[in-house]
Amino acid sequence: MHWIHRFTIVFLFGLLCSQMQAVTWFPFGPDGGDARAFAADPKDAAHLYLGAANGWIYQSHNGGRKWERLARVGQRDDLVIDNILVDPTDPKHLVAGAWVVADLQHPDGGIFISHDGGVTWTSQPDMRGQSVRSLTEAPSDPKIMVAGSLEGVFRSTDSGAHWQRISTEDNKEIREVESLAIDPADPNTIYAGTWHLPWKTTDGGATWTSIKDGIIEDSDVFSILVDPKQPQVVYLSACSGIYKSEDGGAKFNGGVGINKSQGIPSTARRTRVLMQDPGHLDTVYAGTTEGLYRTDDAGKQWTETTGSDVIVNDIYVDPADTRNVLLATDRQGVLVSDDGGTSFLPSNSGFSARQITAYSPDSRHPATVYVGVVNDKESGGVFVSHSGGLSWSQLSGGLDGHDVFSLGQAPDGTMLAGTEHGIYRLKDAVWQRVEDDTKIAAPSAGIASAPVVKTGRQRKSAIRPTTRAAAAKNSFDASVFGFAATGDTMFAATSEGVLSSFTSGQTWTPRFPRTTGTLWLCRSNLWQWQACMPCRCRLTLARRGMR
């Protein structure tokens, strides 16, 4: 029993993995995150599919008011599901295009097919490994599908069962195909938007023509829209603004300069998606990286209908009631409007695609749980549940949109958040940065010298002598990867070394230097460290209780 109060603190430079037995996990939120693409059942407009940036596809049976997880495509979590097609002749037949966020020298992704309404998926062999950025089907013949990847344009004439390249391999321009559109009456007329400029074929890909007249050079073409009643009218969006052609792409007018006079500021010129109202073809929605815009006069004037903090990836307009408009957005998930896009509210019940990097229960309130997320800026930060995870609310005031890498609870019950810019304490439901009141202190005056790290070959100072004045002058702005507590002492693992606090996180003292490549072990005495083994990882923190 004399071991019961002994402890070992282990500082890890990285994530040490162990074999774990597979268990069934259920999603509990928090709701929201990156939503990428919509698709609708042609026979049931209320049955929607939603692709996410983590390989998951969701579905809704009530027009997007509530979502449920359907399947993880490819059984991997790094697929971005940017395109989903539903066969109008067989709604159980789905085709999805996906890509992987990776080095462009090593692209990955593919075409995935389901024959049971999205419950199970198989990878299509012809397109395996292709980074598929665009996918569409011919309105006049849904068996004809066209896909765009980083390598070119591919076509299927049998509903996705087989594919072949229709852009020549030696054409270095028709690559990085970000957008596609097919003429509503002629499946051989195809428009392809690349990271450079747009192209067009009228013979099914045998020959291609550059259609860049009127478009600013080297424009990334994100979206192409062909009017279903007047196919000579073509809308196109690029990093340089929105363009319109009335002669099948022979000449375009528009761009950031003209768009400014039409109501779209230059900061919102990157339009990710264009979508026409199927009941009112002069109404077109433009989803930009700084909000949603709408025109009701075929592009003469545009009106902003959301805040500039909304990044729009896709738009769905309900053909049964065009007042119902849904947005798939970065960070905020799904937004829904029932007034034709004039106002929007979140609609993320059941949809959770946030990247959670931190978790901490409240030791004083068993039903309370905190989680921290990254990549969501003001829409992320910290979420809290007072019902054991059944419902969540955002608790990020004061974090200034910072990513949260770690969470912990101080001995006095105060919650702590570790971000890429220092440590925050929760006070009266608002996060306060530690440096707002106190600075990271230098080692106390009672310590005669800096700690000595035992390396086996040499003895060297682990922390440079630092005065309190110098510590107060330099604000602590490092990344904080983990917290641990023992008794009345808190520890923080940071990119600048290990800190300790005896004041529940109000003040901190450096305890261990920044270093790389080694696993370090400390037994009881905070200054005595021993190098244990090489380790390729970032600094994290763990505690082992001994009996």
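Select Gly 482 and look across: it stands opposite Ala 493 in strand 43. This is a predicted model, where local features need pLDDT of at least 70, side-chain atom pairs count only at pLDDT 80 or more, and totals for chains, interfaces and linings use all residues. Residues are numbered from 1 along each chain as its sequence is written, and side-chain values use heavy atoms, with hydrogens and water left out.

Now show strand 42 (residues 480-486) beside strand 43; they pair in the antiparallel sense over six bridges. (Strands are DSSP runs of E, at least two residues, numbered from the N terminus; two strands pair if DSSP finds at least two bridges between them.) Two residues lie between these strands in their hairpin, and Gly 487 there takes a positive phi near 65 degrees.

Go back to Ala 493. Val 498 in strand 44 also stands opposite Ala 493. Strand 44 (residues 497-501) pairs with strand 43 in the antiparallel sense over five bridges.

Definitions and conventions:
Helices (H or I, at least four residues) and strands (E, at least two) are DSSP runs, numbered from the N terminus.
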